Amino acid sequence: MTSIDQGRAVPVLRVDEPGPLPVDRRRRGLASTEVLFLVVLAAFLLRPLLSGPAGSPAVQTWGTVFVSISVQALPFLFLGVLISGAITAFVPPSVFTRLLPQNRALAVPVAGAAGLLLPGCECGSVPVAGGLLARGVTPAAAFAFLLAAPAINPIVLVATAVAFPGQPEYVAARFVASLGTAVIIGWLWVRFGDERWLRFTARPVAPHGARLPLFVETARHDFLHAGGFLVLGAVLAATLNVVVPRGLYESVASDPVLAVLALSLLAVVMSICSEADAFVAASLTEFSPTAKLAFMVVGPMVDLKLIALQAGTFGRTFTIRFAPTTLLVAVGLSTLVSWWLL
Amino acid sequence: MNREAQDSLLLLVGAMVLQIGLTDLHLRYVKPAMQPLLILTGLGLVAVGALGVVRQVRGSAGVQGFEGDGGEREEQPGGHGQHRQPRTAWLLVLPLLIMATVTPPTLGAYAAARGTTTVEPPEFRLPPLPAPTNGAIDVTLTDYYSRVLYDPESLQGATLRMTGFVTPVGAEWFVTRMRLSCCAADGRPVKVLTDGPASRPAPPADTWVEVVGTVTAARPPAGEDDPVAVLAVSSVIGAPRPTNAYEG
C-alpha cells in the first residue's frame, strides 16, 4: 500500500501514506521537465508538416470539438477544485458530521438536496465530491450530492426554464427525475455499496496557520489529476461525436422506446455542460418529451468526460459499477416522471 | 511528473486559456458569455503555476516551505505525502499541442453536412422584418428559417440578405451557419438551400458568402426527400468571415 500508485484502482480503501523515498528524484525530475519542453518545442517545429494531414475536414472538426469540450469544461473544473481545496483546508471534518444526519439513509436526500447550493456543471462536482469523501462524508451522501448538484442547481433550472419557454413542467420534471435518481443511487449504495471499490486519498488536516498553502496545494493537485482525465474524456467524446453521425440518432426519433435510448446515448456521447444542455434538448424538436427529459437527466450524471473524471477520482472498479447503474436508474426514472408530469 | 514540470504545465495551460479568452479564439469553441470565465480561469491557473515557481525558487534558496507545501515535504518520511505526482496530468499537454499546431477552426461544411436543420417554434409572434438597408433586409439564417416555417407571410415580396458559408449538396449548395447552445460539441446547422441561375456554379465548400434573394417554395435538394427552406438568390458575393461565425 503506497501512495504512489497513480490512477490504478486498488480494491482497498486506501489511506494516504508517505510513499517510498524517490531516490533518483533529481534525475527523473529533470527528465519530465525536459520532456515537456521538448514536446512543446517539437510541436512548433512540426507545425508546417502537420498542416497536410490535419487539414482534412474530419480531423479539423475533431480538433474543434475536442478543444471546445476541454475549454468549456476547464472553468467549471477549476471552480470545482477550488471548492474541493477549500473544503480540505478550511472546513473541519466535524462540520459535515454535524450537518448531515447520522443515519446514512437520511443523509442521502439531505446531501442530494444540498446540490441546490453548488452552481456549476458536472465536471466541477466530481472534485467537490472527492473532497467530501476525503473529509469523511459517507460515500452514499457524497454520491447523491455528486449526481444532484449539476442537475438541480438554480442556474441549470433557470436555463431549463429559458430553453422551454411556457413549459415549466420541464423544469419540474427535470428537478424531480434528477433528484430522484441521485437519491435512489445513494440508497442503492447504502444497501449494496462496498467501500473497497473506492480509491481515494484521505487528506491531511491543515496544521495551524497553514490553511492557505494546503488550499492551494489541494486545488493544484486535483486540477492536474482531474484535468488529465477531463482531456481523456474529451478525446473520447470528440471521437464519437465525429464518427457517429447525428442523423443516426435522428433516424429513430419517431420510435417511442428507441428515441429515449438514442437521446440518452447522445447525452453520454456529447458530454456537454449541464448549464446548456436544456437548449440542446429543446432543439431536438423531432423527439418526444420523454426522450428530451432523459437527455437532460442523463447528461449531468453520465457522460464520457464524467466517466473519465470519475474513474480518475474514485477508481475504475467503482466507475464500471456506478456509471451503468446511474444510467439505468436515470433513464427509468425519466420515463416514469415524464409519464407523470409531461 | 515533477514539480517543475507541473508548474510549467499549469503556466502553459493557464496561458492557453487566457489567450483563448482574451482573443476572438474563444468564439470558435464556446459561447461569447464564457469569455469572463475563461479569463478568470486562465489568470487563476497562471497564479497557481507562478506560486509554485516562486516556492521552488525559495525552496532552493534554503527557505523552508511551510507544512502542506510540496517542495520539501516529499522527502520527509513523516509528512503527509500528497504528492502522488499525477501521471495523467501529461494528458493536459494534448490541448496545448493541438492549439499550438493546428488551432482548430470554427465548425464548417463538414460538420454542417452531417446535421439537419431544426428550428424551434418561436415563443412569441415574430416581429415584423426590419427596414431594408442598401436595397435588402439583413436577416440571420435562423430568423429566415423560422419565418419560412412559422410565419411565411412576413417574407412575401421582401428582398433579403444573409451571410453564411457554403455547404455543397450534390451540385447545389446551402448557405449555412452553425448554431451553438453550449460549445462546438453541440453545434448544429441552419442550412438554406440556394436556387436560381445566380447560385450557379456552386462556390467551393466553406467559402463565406453574402447572398441576396427572395423566398421561394420549400423543396428537398436534388436526390433527397425532406423539403428544406429555399432562397431564390439574385446575387452571391464573397464575404469576410464574421467575428462570431456562429448563430444563436
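## A walk through chains A and B

Let's start with chain A: among its contacts with a separation of 6 or more, 84% join residues 24 or more positions apart. Two residues are in contact when their C-beta atoms, placed from the backbone, lie within 7 Å. Keep in mind that this is a predicted model, where local features need pLDDT of at least 70 and side-chain atom pairs count only at pLDDT 80 or more, while totals for chains, interfaces and linings use all residues. As for labels, residues are numbered from 1 along each chain as its sequence is written, and chains are lettered from A and ligands numbered from 1 in the order in which they are written.

So what is chain A built from? It has 15 helices and zero strands. Helices (H or I, at least four residues) and strands (E, at least two) are DSSP runs, numbered from the N terminus. Of the 342 residues in chain A, 56% count as buried. Buried here means that 20 or more other C-beta atoms lie within 10 Å of the residue's own; with 12 or fewer a residue is exposed, and in between it is partly exposed, with C-beta atoms again placed from the backbone.

A:Ile185 has 25 C-beta neighbours inside 10 Å, which is why it counts as buried. Leaving out residues up to four places away in sequence, A:Ile185 touches A:Phe143, A:Ala144, A:Leu147, A:Thr325, A:Thr326 and A:Val329.

Now for the cores. In soluble globular proteins, nonpolar side chains tend to be buried together. A nonpolar core is a set of buried Ala, Val, Leu, Ile, Met, Phe, Trp, Tyr and Cys residues joined through C-beta atoms within 7 Å. The largest one here has 173 residues, and A:Ala144, A:Leu263 and A:Val298 have the most contacts inside it. Helix H2 (residues 57-90) of chain A gives this core its largest share, 17 residues. Domain 1 (3-104) and domain 2 (110-247) of chain B both contribute residues to this core, so it lies between them. A second, separate core has five residues, including A:Trp197 and A:Phe314. As for A:Leu263, the residues it touches include A:Leu284, A:Phe287 and A:Phe295, not counting residues up to four places away in sequence.

Over to chain B, which is divided into domain 1 (3-104) and domain 2 (110-247); such bounds come from an automatic or database domain assignment. Six residues of domain 1 are in contact with six residues of domain 2 in this chain. On the domain 1 side, the touching residues split into four nonpolar, no polar and two charged. For that count, Ala, Val, Leu, Ile, Met, Phe, Trp, Tyr, Cys and Pro are nonpolar, Asp, Glu, Lys and Arg are charged, and the others, Gly among them, are polar.

Chain B has helix H1 (residues 3-22), and 14 of its 20 residues are buried, so H1(B) is largely enclosed by the rest of the structure. In helix H5 (residues 93-101) of chain B, the buried residues include B:Val93, B:Ile98 and B:Met99.

Take strand E3 (residues 172-179), where seven of the eight residues are buried. E3(B) pairs with strand E2 (residues 160-169) in the antiparallel sense over five bridges; two strands pair if DSSP finds at least two bridges between them. B:Val166 stands opposite B:Val175 in this E3(B) strand. E2(B) and E3(B) form a hairpin with two residues between them, and B:Gly170 in the turn has a positive phi of about 60 degrees. E3(B) also pairs with strand E4 (residues 188-195), antiparallel over six bridges, and with strand E7 (residues 246-247), parallel over two bridges. B:Met178 has B:Pro189 as its bridge partner in E4(B) and stands opposite B:Tyr246 in E7(B).

Most residues other than glycine have a negative phi, and most peptide bonds are trans. B:Thr103 is not a glycine, yet its phi is positive, about 40 degrees. B:Thr103 lies in the loop between H5 and helix H6 (109-113) of chain B. B:Asn134 also has a positive phi, near 50 degrees, and is exposed, with 7 other C-beta atoms within 10 Å. The peptide bond from B:Arg200 to B:Pro201 is cis, with omega near 0 degrees; B:Pro201 is in the loop between E4 and strand E5 (208-219) of chain B.
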